[in-house]
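Biologist: I'd like to learn how to read a few features of this model. Could you take me through them one at a time?

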Amino acid sequence: SAAPAAPAPAGVVPMTGMQKAVVKNMAWADSVPTYTVSRQIVTDDFDALYAQLKPKGVTVSAMLAKAVGLALAKHPIMNSNYVEDGISYNSDINVAMAVAMPDGGLITPVLKNADTTDIYSLGRAWKDLVPRAMEGKLSADEFSTGTFTISNLGMFGVSQFVSILPPNTGAILAVAASAPTAVLQKNGMMGMAKVMTVTITCDHRNIYGADAAKFLKDLARIIEEEPQSLLF
């Protein structure tokens, strides 16, 4: 049987330092002109590759970071951020992955140079970062240097969601769960495939809708047609 629920807190509970930081970041995001673009992506081949790589220590997070890194390399504007009267292009592609903290708040461990780092190294890095993130033992360099962020709630079965833009970045990608879906196949027949919906939130000051759409198109191509590219 399920464990009994913990009693609900009474009255006002002071926020942790992490929760206060999240509040501050949300206030920043409220001042930014953002918009969202969504796309469905078939994940059958991506899932099959994960099944092969999982025994070797590769996580879904590492695979998503690598796929996003490869797509960002082709779309530098998506790896940029707005500065006063200009656009700051980041020379490195550092993919931050949002992680919920046990005592409330969020932290974003960073997988650095996700476009050029091999998938096995990304997998090892992620397995090192997450436990230390949960214990509050990451250095600032390990959680504050992301140039693009991914928030993945797929493990909770959500069908679609929108993420709020982190400070001093141009975009964040919300990844929902893969679910069996009827799709039109290349042979013209209807069939079942696993499909996930991704939704990108962008700062309209430096990233326009067409930029986001082209980025998602290339990300979908990598995941749907070229998952083996994640190995190189």
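This is a predicted model: local features need pLDDT of at least 70, side-chain atom pairs count only at pLDDT 80 or more; totals for chains, interfaces and linings use all residues.

Biologist: How many turn up in the whole structure?

Modeller: The search finds eight salt bridges. Let's stay with R132 for a moment: its side chain meets that of D128 in a salt bridge, at 2.8 Å from N to O. R132 and D128 are both in helix α4, four residues apart, which is about one turn of the helix. D128 is partly exposed, at 38% relative accessibility.

Biologist: Which residues make up the network of salt bridges that includes D128?

Modeller: D128, R132 and E142 are linked in that network.

Biologist: Which salt bridge links distant parts of the chain?

Modeller: Look at K194 and D47, whose closest N and O atoms are 3.6 Å apart. This pair links distant parts of the chain: K194 belongs to strand β11 (residues 190-203) and D47 to helix α2 (residues 44-53), with the two 147 residues apart. K194 is partly exposed at 34% relative accessible area, and D47 is partly exposed too, at 25%.

Biologist: What is the distance between the closest N and O atoms of E135 and K137?

Modeller: That salt bridge has its closest N and O atoms 3.4 Å apart. K137 counts as exposed, at 55% relative accessibility.

Biologist: Let's turn to helix pairs. How do I read a crossing angle?

Modeller: Compare the N-to-C directions of the two axes, on a scale from 0 to 180 degrees. Angles under 35 degrees count as roughly parallel, over 145 as roughly antiparallel, and 65 to 115 as roughly perpendicular, with the rest called oblique.

Biologist: So at what angle do α3 and α4 cross?

Modeller: Helix α3 (residues 60-74) and helix α4 (residues 119-134) cross at roughly 130 degrees, and their axes come within 8 Å. The two helices are therefore oblique to each other. The crossing of α3 past α4 is right-handed.

Biologist: Which residues meet there?

Modeller: On the α3 side you have S61, A62, M63 and K66, and they meet I119, L122, G123 and W126 of α4. By class, the contact holds five nonpolar residues, two polar and one charged.

Biologist: And how do α2 and α3 cross?

Modeller: Their axes come within 10 Å and cross at roughly 130 degrees. That makes α2 oblique to α3. Here α2 passes α3 in a right-handed crossing. F46, L49, Y50 and L53 from α2 meet V60, M63 and L64 from α3. This contact has seven nonpolar residues, with no polar and no charged ones.

Biologist: Where does D85 lie?

Modeller: D85 is in the loop between β2 (80-83) and β3 (86-89). D85 is exposed, with a relative accessible area of 72%.

Biologist: What is phi for N113?

Modeller: Phi of N113 is near 50 degrees, again a positive value in a residue other than glycine. N113 is found in the loop between β7 (110-111) and α4. At 30% relative accessibility, N113 counts as partly exposed.

Methods
Residues are numbered from 1 along each chain as its sequence is written. Side-chain values use heavy atoms; hydrogens and water are left out. A crossing is left-handed if the near helix is turned anticlockwise from the far one by less than a right angle, and right-handed if clockwise. Contact means heavy atoms within 4.5 Å. Ala, Val, Leu, Ile, Met, Phe, Trp, Tyr, Cys and Pro count as nonpolar, Asp, Glu, Lys and Arg as charged, and the others, Gly among them, as polar. A salt bridge is a side-chain nitrogen of Lys or Arg within 4 Å of a carboxyl oxygen of Asp or Glu. Buried means under 20% relative accessible area, exposed over 50%, partly exposed in between (1.4 Å probe, protein chains only).
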